[in-house]
Amino acid sequence: MPADHESCELLRAVARRSANAVAQQEICWFASKVRDWGSLFRLAEEHRVMPMLFSRLADIGSALPLIVQERLRAGYHRNVFHSLANAAELIALLNAFEHEMIPAMPFKGVVLAASIYHDLTARPAGDLDLLIHYRHLMRATAVLLERGYQLNTPVRADGTPAIPDYYEYHFERQTDGMVVELRWRLELAQPRFRRHLGMDWVWPRRRIAMLAGAEVPDMSPEITLLVLCMHGTKHAWSRLIWICDVAQLLDSLPDLDWRAVTQEAKQLGLWRTLALGVLLAQRVAGAEIPQGVLRRFESDAAACRLARYIQENLLDEPGSTPAGRIPYNIQLLGFHDRVRLFLSLDFLRPNERDRAAIHLPRWLHALYYLVRPVRILWDRSAR
């Protein structure tokens, strides 16, 4: 059931995050027009922005109905409790991994809140996400099992993933509902994205974040930006909080090395993924982007088209993607990645019949990609 117009407009105003008087008046005005607070709360929960809604409506105070104030306050206290519980468990897990000499990189969740919002309760506490080396998977699994977690991911008899190319284990502890996602690769929803971005990418450039008084490893700002854009793009930016996270990161780091992050995005095939995330942060959440950088992203017609669609449908049809001949995940690819994908299709992959049609030395085997369509056309014309 679509949310009512007033709820959508209030959440859009809250997401823009401007602290000036005009912005606050706008929030007050939209709040006074809300007719269905239940609809608003459902929408805010769906988009994971209840803590943000609470903080932005706090200045209105007594102007809100009493029942609304009580529900906002109760939601805030629940999130504080879960955030502190997540922080305590994360610190304990990192210590346990360190004792076993297992490097682990936390990301998203309370670490992201602490490092870019400077308040671990500023965004909802969800799962605990940890990135490790695949070679440490069995030992890390043992640590989690010893702490009362159950592994809910199908595995083989030797403990390795039962599903080929899988990249995460899902653990849950029944006693308190704590959930840990243990990953050894960061994935994107692009077909055949096989760059295996993992600990070798993030660990050498790590920094330190303070979480509930403890030092914990944290991704560099540039890598954090790319990871946030990868995650949001993978899920078609279906939650407002993911756009707000990118905007908050950019606002908290005015000296971000844009040259380094755009160059790395190009090398990794993430240029359009980065462009889409930054454009949404600027258009939806009012992030400040250097004009030269913004112009480069706006010059990408496909990224602008996707950003416009997501912005227009974010609250009414979250997670939807534009209809058309080219699927969403293919539109994210640049020219070279599209060519690479095209050549990787099984239909175009050379086989023994192609090699039998003409003999080429090993160093010219790439030419079989040209031989194959000619051979197929020849076979069909000879029928």
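**Close-up 1. Glutamate 89 and the residues it touches.** In this predicted model, glutamate 89 touches Leu128, Arg147, Tyr149, Arg173 and Met178, leaving aside residues up to four places away in sequence. To find glutamate 89 yourself, look in helix α5, which covers residues 66-99. Is glutamate 89 buried or exposed? Its relative accessible area is 8%, and buried means under 20%, so glutamate 89 is buried.

**Close-up 2. Phenylalanine 171 in strand β4.** Here we move to strand β4, made of residues 168-172, where phenylalanine 171 has its place. Phenylalanine 171 has a relative accessibility of 0%, so this residue counts as buried. Which residues does phenylalanine 171 touch, not counting those up to four places away in sequence? The list is Thr141, Leu144, Tyr149, Gln150, Leu151, Met178, Val179, Val180 and Leu182.

**Close-up 3. Phenylalanine 171 and leucine 182.** This view picks out one pair of residues. Along the chain, phenylalanine 171 and leucine 182 are 11 residues apart, and their C-alpha atoms are separated by 7.7 Å. Leu182 is also one of the residues that phenylalanine 171 touches.

**Close-up 4. Cysteine 229 and cysteine 304.** Cysteine 229 is buried because its relative accessibility is 0%. Cysteine 304 has a relative accessible area of 10%, so cysteine 304 is buried as well. A disulfide is a covalent bond between the sulfur atoms of two cysteines. How many disulfides does a search of the whole structure find? The search finds 0.

Methods
Residues are numbered from 1 along each chain as its sequence is written. This is a predicted model: local features need pLDDT of at least 70, side-chain atom pairs count only at pLDDT 80 or more; totals for chains, interfaces and linings use all residues. Side-chain values use heavy atoms; hydrogens and water are left out. Helices (H or I, at least four residues) and strands (E, at least two) are DSSP runs, numbered from the N terminus. Buried means under 20% relative accessible area, exposed over 50%, partly exposed in between (1.4 Å probe, protein chains only). Contact means heavy atoms within 4.5 Å. A disulfide is a pair of cysteine sulfur atoms within 2.5 Å.
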